[in-house]
Amino acid sequence: MYRVCRLTGAAGADATARFRDPELLGHVYCGPYPGADPTLSWVVTDDEGVAGYVVGTADTLGLTRWQEARWWPALRERYPVAAGAATTGTHDHELVRIVHEGQPVDADLVARYPAHLHIDLLPRAQGAGLGRALIGRLTDALRGRGVPGLHLGVDPANTGAIAFYTRLGLAPVPSAGGLTLGLPL
């Protein structure tokens, strides 16, 4: 999953050159989810290995608390703030900051859309309906739990992903940070 996250982490393109540590992106955007709630994670494989995944949480605030108690402490030891500052020319420092500070949660957003997801598919897995199936599985599970809505952040430069999400019914919602799409469940 970490490899897929890295290979799609630059608005859908390969982010390998952006990071000195190839695991940092995965530590922030996909790693914690299967540990926090493994029933909301699915992986797509093919003959070449892992080709994509969707990970999610039914409760963004609950995930934030879980990360603070169980996920970030070991990573804070592994990635001290000073080490993040020493990664000039990369984006590692941005992710090290998230490891130490967490990500801000927009209370108004999560009141309406408490769940969120991250989905990544390698190009070889795109266009075959797998993304739709993964998100469908996740939304079915969230509806089964009575979750009223989900959101996701998307890089505005990732126009292909935005078009895909729009076809699935996600639409821009007000948020304190970046382009956020929401889906009432």
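**View 1. His-27 and its polar contact with Tyr-2.** The side chains of His-27 and Tyr-2 make a polar contact at 2.9 Å (a pair of N or O atoms within 3.5 Å; within protein, one must be able to donate a hydrogen and the other to accept it, and residues adjacent in sequence count only if both atoms are side-chain atoms). The model is predicted: local features need pLDDT of at least 70, side-chain atom pairs count only at pLDDT 80 or more, and totals for chains, interfaces and linings use all residues. Residues are numbered from 1 along each chain as its sequence is written, and side-chain values use heavy atoms, without hydrogens and water. His-27 sits in helix α2 (residues 24-29); helices are DSSP runs of H or I, at least four residues, numbered from the N terminus. His-27 is buried, with a relative accessible area of 7% (buried means under 20%, with a 1.4 Å probe and protein chains only). Residues touching His-27 include Trp-71, Trp-72 and Leu-75 (heavy atoms within 4.5 Å).

**View 2. Helix α4 against helix α6.** Helix α4 (residues 60-78) packs on helix α6 (residues 92-101) at about 130 degrees, axes 8 Å apart. Axes are lines fitted to C-alpha atoms over the stretch in contact; angles run from 0 to 180 degrees between N-to-C directions. Trp-72, Leu-75 and Arg-76 of α4 contact Ile-98, Val-99 and His-100 of α6.

**View 3. Helix α8 against helix α9.** Helix α8 (residues 130-144) and helix α9 (residues 159-167) pack at about 55 degrees, axes 11 Å apart. Gly-131, Arg-132 and Ile-135 of α8 meet Phe-164, Tyr-165 and Arg-167 of α9.

Conventions
Helices (H or I, at least four residues) and strands (E, at least two) are DSSP runs, numbered from the N terminus. Buried means under 20% relative accessible area, exposed over 50%, partly exposed in between (1.4 Å probe, protein chains only). Lists of a residue's contacts leave out its neighbours within four places in sequence.
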